[in-house]
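Work through these exercises with the structure open beside you. Try each task before you read its solution.

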Amino acid sequence: MRIKSWSLFLFNLALAATPIAKAQQQTIDERHRIPPIDVAATFTTERTKTVGGDCGCFWLQGGTAEANIHLFHNFSAAVALTGSHAGNIIPGLDVTQIAVMAGPRYSYGTSRWTNRVFGERRRTNIFGEVLFGGVHAVDGMYPSSTTLKTNATAFSFQAGGGLNISLARGFGVRAIELDYLRTSLPNGTTDSQHDLRLAFGITYRLHR
């Protein structure tokens, strides 16, 4: 009888401990769970100009590779690498720029809609972000107080947002992105550029 009593006691103790073990395992899993990461590849076009004053404007064209790590609630951290180029701005002068920026992003899920192709309701979201970093420019003309250089590196700042539309299997589209971009490349006058950037492309969620 004593053996049966102890066996029954241990069995009940094991049953009671099971939910606790599952809860602890879930806590460990949540602690080590990889947060959702979105990546994107977009075509980018940027309206800029050579110097201050009258326009003399031209369009840089290129692409952006982007990663966005979700942190908590609707907040995430974004990092973007953009390469762009414009040829023959003036006879014999080209411009190539590479910018690396990072900063916070806030996303807000909007209404769901029915996709007739996939037959499911898909989510759209809008986002706003502020990115800081640097830009390196080559093949241009960047005057200083003492010399004229063909390359320069400067601070860059970007603020804007866009619209993402989810499709299937983690894929989606960046329907539109509109940003204000400020760079501090030397130009002989204000040493600053205030540009308009447009982008669109594809997105993919690595962890869901």
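**Exercise 1.** Which side chain does a polar contact join to the side chain of N164? Describe the surroundings of N164 as well.

*Solution.* Start with the ground rules. This is a predicted model, in which local features need pLDDT of at least 70 and side-chain atom pairs count only at pLDDT 80 or more, while totals for chains, interfaces and linings use all residues. Residues are numbered from 1 along each chain as its sequence is written, and side-chain values use heavy atoms, with hydrogens and water left out.

Step 1. Find the partner. The side chain of N164 meets that of R174 in a polar contact of 2.4 Å. (A polar contact is a pair of N or O atoms within 3.5 Å; within protein, one must be able to donate a hydrogen and the other to accept it, and residues adjacent in sequence count only if both atoms are side-chain atoms.)

Step 2. N164 belongs to strand β8, residues 152-166. (Helices, H or I of at least four residues, and strands, E of at least two, are DSSP runs numbered from the N terminus.)

Step 3. Check its accessibility. N164 has a relative accessible area of 12%, so it is buried. (Buried means under 20% relative accessible area, exposed over 50%, partly exposed in between, with a 1.4 Å probe and protein chains only.)

Step 4. List the contacts, meaning heavy atoms within 4.5 Å. Neighbours within four places in sequence are left aside; N164 then touches R123, T124, N125, F127, V173, R174 and T203.

**Exercise 2.** Is T45 buried or exposed? Name its contacts too.

*Solution.* Step 1. Locate T45: strand β1.

Step 1. Read its relative accessible area. The value is 14%, so T45 is buried.

Step 2. Leave aside neighbours within four places in sequence. T45 is then in contact with W59, L60, Q61, L196, R197 and L198.

**Exercise 3.** Which residues form one aromatic cluster with F75?

*Solution.* Step 1. Count the pairs. The structure holds six aromatic pairs. (Rings of Phe, Tyr and Trp, the last by its six-membered ring, pair if their centres lie within 6.5 Å; planes under 30 degrees apart count as stacked, over 60 as edge-to-face and the rest as tilted.)

Step 1. Take F72 and F75. Their pair is tilted, with 5.6 Å centre to centre and 35° between the planes.

Step 2. Take F75 and Y106. This pair is edge-to-face, at 5.0 Å centre to centre and 65° between the planes. F75 lies in strand β3 and Y106 in strand β4 (residues 93-115), so the pair ties together parts 31 residues apart in sequence.

Step 3. Join the pairs. F72, F75 and Y106 form one aromatic cluster.

Step 4. Check accessibility. F75 is partly exposed, with a relative accessible area of 38%. Y106 counts as partly exposed, at 38% relative accessibility.
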